[in-house]
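Me: Hi, could you walk me through this model? I have a few quick questions.

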Amino acid sequence: ELKMTKTQNEKIVAFLRKGSTLTASQARARFGVQNLSARINELRNEGYEIQTTMKATKTSTQPVAFYSM
């Protein structure tokens with residue numbers, strides 16, 4: 001049976017595997033992910049090596065987490 005819809009976690013992994021970085025606001029807009037840090041934690045627990053880089057941005061007073069593989 002072919003699974004037609006990817007889970008949020010599968011979409012995140014596919015996106016990161018392209019060499020892209022992902023922030024919480026991007027994940028919300030692209031994939032409807034409300035809690036990216038929880039999804040990243042689940043993926044790490046499954047064995048995916050995902051890096052977190054904290055960066056200052058023009059639109060936020062707090063550093064923003066950029067996730068990458």
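This is a predicted model: local features need pLDDT of at least 70, side-chain atom pairs count only at pLDDT 80 or more; totals for chains, interfaces and linings use all residues.

Me: Great. What secondary structure does the chain have?
Reply: There are three helices and two strands, in the order α-α-α-β-β along the sequence. Helices (H or I, at least four residues) and strands (E, at least two) are DSSP runs, numbered from the N terminus.

Me: And what box do the C-alpha atoms fill?
Reply: Roughly 45 × 25 × 20 Å, taken along the principal axes.

Me: How much of the chain is buried?
Reply: Of the 69 residues, 28% are buried. Buried means under 20% relative accessible area, exposed over 50%, and partly exposed in between (1.4 Å probe, protein chains only). The accessible surface comes to about 5,000 Å², with 48% of it belonging to carbon and sulfur atoms. Those areas come from the Shrake-Rupley method with a 1.4 Å probe; for residues, only the protein chains shown count as cover.

Me: Switching to charges: how many salt bridges are there?
Reply: One. The side chains of Arg39 and Glu42 form it, at 2.8 Å from N to O. A salt bridge here is a side-chain nitrogen of Lys or Arg within 4 Å of a carboxyl oxygen of Asp or Glu.

Me: Where do Arg39 and Glu42 lie?
Reply: Both are in helix 3 (residues 36-45), three residues apart, which is about one turn of the helix. Arg39 is buried at 19% relative accessible area, whereas Glu42 is partly exposed at 32%.

Me: How many positive and negative side chains does the chain have?
Reply: It has 11 positive and 5 negative ones, and the centres of the two sets lie 13 Å apart. Lys and Arg count as positive and Asp and Glu as negative, while His and the chain ends are not counted. The place of a charge is NZ of Lys, CZ of Arg, CG of Asp or CD of Glu.

Me: Which residues form the positive surface patch?
Reply: Lys6, Lys11, Lys18 and Arg30. Patch members have over 30% relative accessible area and no salt bridge, with like charges joined within 9 Å. Arg30 sits in helix 2 (residues 24-31) and is exposed, at 55% relative accessibility.

Me: New topic, strand 2. Is Ser68 buried or exposed?
Reply: Ser68 is buried, with a relative accessible area of 17%. Its place is in strand 2 (residues 60-68). Leaving out residues up to four places away in sequence, Ser68 touches Leu16, Ser20, Thr21, Glu49, Ile50 and Gln51. Contact means heavy atoms within 4.5 Å.

Me: What separates the C-alpha atoms of Gly19 and Ser68?
Reply: They are 7.0 Å apart, though the two residues are 49 residues apart along the chain. Gly19 is in the loop between helix 1 (8-17) and helix 2, and is exposed at 60% relative accessible area.

Me: And what does Phe66 touch?
Reply: Not counting residues up to four places away in sequence, its contacts include Thr21, Leu22, Gln51 and Lys55. Phe66 is also in strand 2, and is buried with a relative accessible area of 16%.

Methods
Residues are numbered from 1 along each chain as its sequence is written. Side-chain values use heavy atoms; hydrogens and water are left out. Patches are made of residues with over 30% relative accessible area and no salt bridge: like charges are joined within 9 Å, nonpolar side chains (Val, Leu, Ile, Met, Phe, Trp, Tyr) within 5 Å.
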